[in-house]
Amino acid sequence: MTTVTVNGIPREVSSGPLSRLLDVLREELGLTGTKEGCGEGECGSCTVLLDGVPVNACLVAVGQCDGRRVTTVEGLQEGPDLTPLARCLIDGGGAQCGICTPGMLVSASHLLARNPSPDEAQVREALAGNLCRCTGYQRIVDSVLEASRLLRARREGASP
Amino acid sequence: MADARLYVGQNVPRVDGVAKVTGAAKYLDDLHLPDMLHGATVRSEVARGRLTGLAVDPWLAEHGVTVVTAEDVPENVVALIEDDQPVLVREHIRHRYEPVALVACERKEDLQRALAGVRQTVTPEAPVLSLDDALRAESPVHGPDNIQKRYRIVKGDVDRARQEPGLVFTEGTYHVHHQEHLYIEPQGVIAWWDASGVHVLGSIQCPYYVHKALKRALKVTDTEAHVTQTVTGGGFGGKEEYPSMIALHAALLAKKSGRPVKVVYGRGEDMEATTRRHPARVKITSGARSDGTLAFLDIDVLMDGGAYVTLTPVVLSRGTLHATGPYRCPDVRVVARALATNTPPNGAFRGFGAPQTIWAIERHMDRLADQLGIEREALRRHNLFVEGDVTATGQTLKVSVGGMQCLDAAVKASDYYAKRAQYASEGVQRAADGRRVRRGIGLSTFFHGAGFTGSGERRLKGRVQVDLEPGGSLRVRSASTDIGQGTETVFAQLAAQAARVPFARVAVEQPCTTHVPDSGPTVASRTVMVVGSIVELAARDVAERVRADVARHHAVAPERVTHGDDSFTGPFGEESFAVASDRLLGREPRVVSLRQFEPPADVFWDDDTYTGEAYPAYSWGCDIAAVEVDVDTLETRVTDFWAAQDVGKAIHPVLCAGQVEGGSLQAVGWAVSEALVWQDGAIKNARMTNYIIPTSLDAPRFHTTLIEVPYPGGPFGAKGVGELPMDGGAPAVASAVEQATGLALDALPLLPEDLLRAQRNGAPQ
Amino acid sequence: MTHGYVRPASLAEALSAVAEGVREGLKVTPLCGGTDWMVERHLAPNPYKSPEGAVDALPPPPLPPPDVVVDLSAVDELRKVELEVGEGGRTWVRLGAGVTYRTLREHPYLVEKFPILAAMASEVGAVQIQALGTLGGNIATGSPAADGVPVLVALGARVRLQSLEGAREMPLEDYYTGYRRSVRHDDELLESVVFPELEAGSRWFWRKVGTRRAQSISKVALASVVTLDGGVVTAARLAMASVAPTVACLRGVRAALLGQRPEAVPEGALLTALRGDIAPIGDVRSTREYRLHVAERVLLRMREALGD
């Protein structure tokens, strides 16, 4: 039996250790926010955080996650209100069909956690593993930059 | 703002936004029904042949696998235009990925075993795999001559126009290649049967297309077929006609097994079996006066329709009607043919035939400009349609002709002339990452007809219903699907504004053929302009009914009741919309308006001669691309992209610009990196790793300008925007690449390998 | 397909698991980052399907025997970054096979001393792949399009193979015997690579020409470390990806450069040497013609950079 802490909750996984983390999340744990677009680590729709680092859940065997932490898009929410990043993606036109959006959010939230003031090139690099066919990326990139401004303003407001 | 409740033109939060950014939105593969089986498709293994036997391994029966073959299909046809495509092959295999049989199992893990257990015996035949093979028609795939459809547009007399002395003749042949939609959510449906008939739930652009296909193949009635769209992860035309096929497959498996069946394609299967953009070859001969005035255009269009007719006649039609580009020309002849080949049917893809012919005319305009020694922008400006001009079909452009504004805006925003001059004079540059590059800038101008061609909308009679609901709420019922473009949000904006109720009180019903009327398909840049106008009408109707009832209740003349924002005023004072509508609903439980599209009265179109008003309105655009081409590797990087596009009215500017940018990037990808590799009718790179769409690092910085020259027939002046952005990107990039490399390429794609080949072959400089 | 699976917690346990599997006649698959293997497994051709041409043959062929996967993700020793003192007092760095591309981009010592590693790592896939993919996996998979291998060859890396019987080390240049084939025995694990700090006067060069700017497999990639003394090449290691059945060690080019001023080596001689070192083919990602052209251009740019 594999034990994985998913979105803060320890879960016992009965799927075999070589099952893809993606399938375990979606089928066994019912966390369908993580999407499958290609099954080969190319589209990034299945991006989750493994011990805080973005990985493609389609490339990870769940056995490799034993004793580790996984965060999915469902785990990014901090409360009833949308996170600034989520809000900015809606308002900025960063989500169209939405199928790449969970993966984008996971990648972008990791970027902002490590680098509160990214420039456009850094945002583009951080999202380069998340393919989008709808937006042309500009609005996603701009939404992430806007979220970084909001988060900085919030942090500065909180610490006088 | 004078009116606090103006929604049109405002960037309201998209209604499906929260579900999409929290992971809560349920796409098809996120759904699971009790007792559901998983289905999969046995496909042909040759591009052409005769299926002489199907053997089923006993393992399948022993393990309770449901198997469906052609014998199980009540009427073996996927209904569309010509009804030539079977649901499952009975005898003749016409492309490499045809469905031959279906299997369904309890466990997904068993599908491969089940698929391998259905063995085909096939006598291969020589396939027709290219346009030239198809033209020779030695062993036709379709009819006696392989021609699926032909059109002819004649304006004036090209042969006479040729005689004018002093004309400069220009001739060129231009090619475009296939393109995969590559929506990130692969196709999928769930089907089941119950006492009310057959149900299909899926990632679907056009629920009523599926409804029609179910009725025909399964021999069920109108009320026995129920098709519902789930949240859809992109379509771009790819989920227009193909879902009928996959829905029929799931429904057949569900019928035979008596259980719900889910069929979801893997990426490879999706890329192989579903539709893609038609390749085309377009030959253009033109004559122009020395000042650049176009005297005649003689255009021959060939498109590869693939193995079945599907939507090819309509795609070819749109390609034909856009073949002259947005240019004034007195004498025009366009001859267009679609040919059948033993490749999977090509189908709807954003732009729908227009990007193919616009590629050709735009490259041709560049040739012509160079030949005449006129700046490329100036040649376009000289010939660009303006109000009062007459198109190739004889349509006088009366209103909403924004091409020139687009050209002006894009040229100014990009500083086109300064860059063009600088890039022409400068040498090799060091790019930010140290590579040696040459730079270039190029432009294109284009137009795109919004709505169905000619009498299409008149014939179709798209319908929308708006219901009044408690608390002064509205519910919009339409079959137009939101596949990412933001239809739900825009329809809610239109209804809220038309009925003067708060946006938050408008709900948009999930498209289900049982609960929404047939508004026509979600295609042809018609959703906002055509269906949106019906939404507006129906919402106004409902509000009028409430107003009339206020007058009745207070016993005043209706004209003395003023409908303000979410309220009515009159001699009786003020009353809220909610109170008034609840009172009306108390008397009349059903207050709805079902409206039908009413085409403008003065529209004339003749399908036989292809003359008249081809489209009620055109959207216009100018794209300008700046590129860096690596002098060592010939890799093209599009660094900046200026798009100025006339959409009539942007109902939601952020969503609208999102359409422009997303469509433009698809065009850029089509030009510089996307290419299918074929071998014997099979696709060798049906994987995201090897079919190269742009990442965020490949995408240019977009500079988008929305131009609004209102079209009175559209809601609040809006025209279509869905397809327009796909039209101009590739030729703008090619023009820029030409400046950077000196290579005048007339064939897409412009992969580094293609540029190298051209360089080696001494392509014209 | 069913797989045996073990996830040892130490190198010793891992070696035992491998040895046991081999003893039992199983196919042992060491699993590191999984970025290749998980894809191959998921997208493998239908294993039940008859070979082409035998479509009506019943029943299906038997499946290959189940294999055993030795998951190395819990073996901390494989993630080590250690310094050693080598001959002549030179500092060598030893990287465990499980070191990821992410580590190559973030480890302060590596970033400072081996910018070529960070440059290469930043062009592998994108951040998600960089977090999973490992040097050991890159070497062991043996793809001719590997990004890590040419850089390690250029750095003069040696590979340590370890089994219960002991360890052996060899130059990475000598590791491959053919397309996805190597000298590694079934009971050996690729434990680490080790390479020296750059000598004074060394110049590194990395250029990947791929299908796009991220999530890209190379069409051609060149890595080199060239040492100059008074403008004369005293040492050179060059390797190229995607131009031969294995990552190509450009020995002919090295010979042409050694003892010469780079700018004095005639272009013709350099390119002739290159053509002797590589054998590109056309495939779904590029053409033979293009690969040859780019290999030549990139090599000339490398030479040019030596003069900068």
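**Interfaces of chain B**

Trainee: How many salt bridges does the rule find across the interface of chain C and chain B?

Mentor: This is a predicted model, in which local features need pLDDT of at least 70, side-chain atom pairs count only at pLDDT 80 or more, and totals for chains, interfaces and linings use all residues. Residues are numbered from 1 along each chain as its sequence is written, chains are lettered from A and ligands numbered from 1 in the order written, and side-chain values use heavy atoms, without hydrogens and water. A salt bridge needs a side-chain nitrogen of Lys or Arg within 4 Å of a carboxyl oxygen of Asp or Glu; B:Glu753 and C:Lys219 form one, with the closest N and O atoms 3.0 Å apart. Across the interface of chain C and chain B, the rule finds nine salt bridges.

Trainee: What area do chain C and chain B bury between them?

Mentor: Buried area is the accessible area (1.4 Å probe) that two parts lose on being put together, summed over both. Carbon and sulfur atoms give 49% of what chain C and chain B bury. The total for this pair is about 3,400 Å².

Trainee: How many salt bridges are counted between domain 2 of chain B and domain 3 of chain B?

Mentor: Domain bounds come from an automatic or database domain assignment, and the C-alpha centres of these two domains of chain B lie 36 Å apart. They bury about 2,000 Å², 54% of it from carbon and sulfur atoms. B:Arg48, B:Arg94 and B:His181 supply 32% of the area that domain 2 buries against domain 3. The count of salt bridges between domain 2 and domain 3 of chain B is zero.
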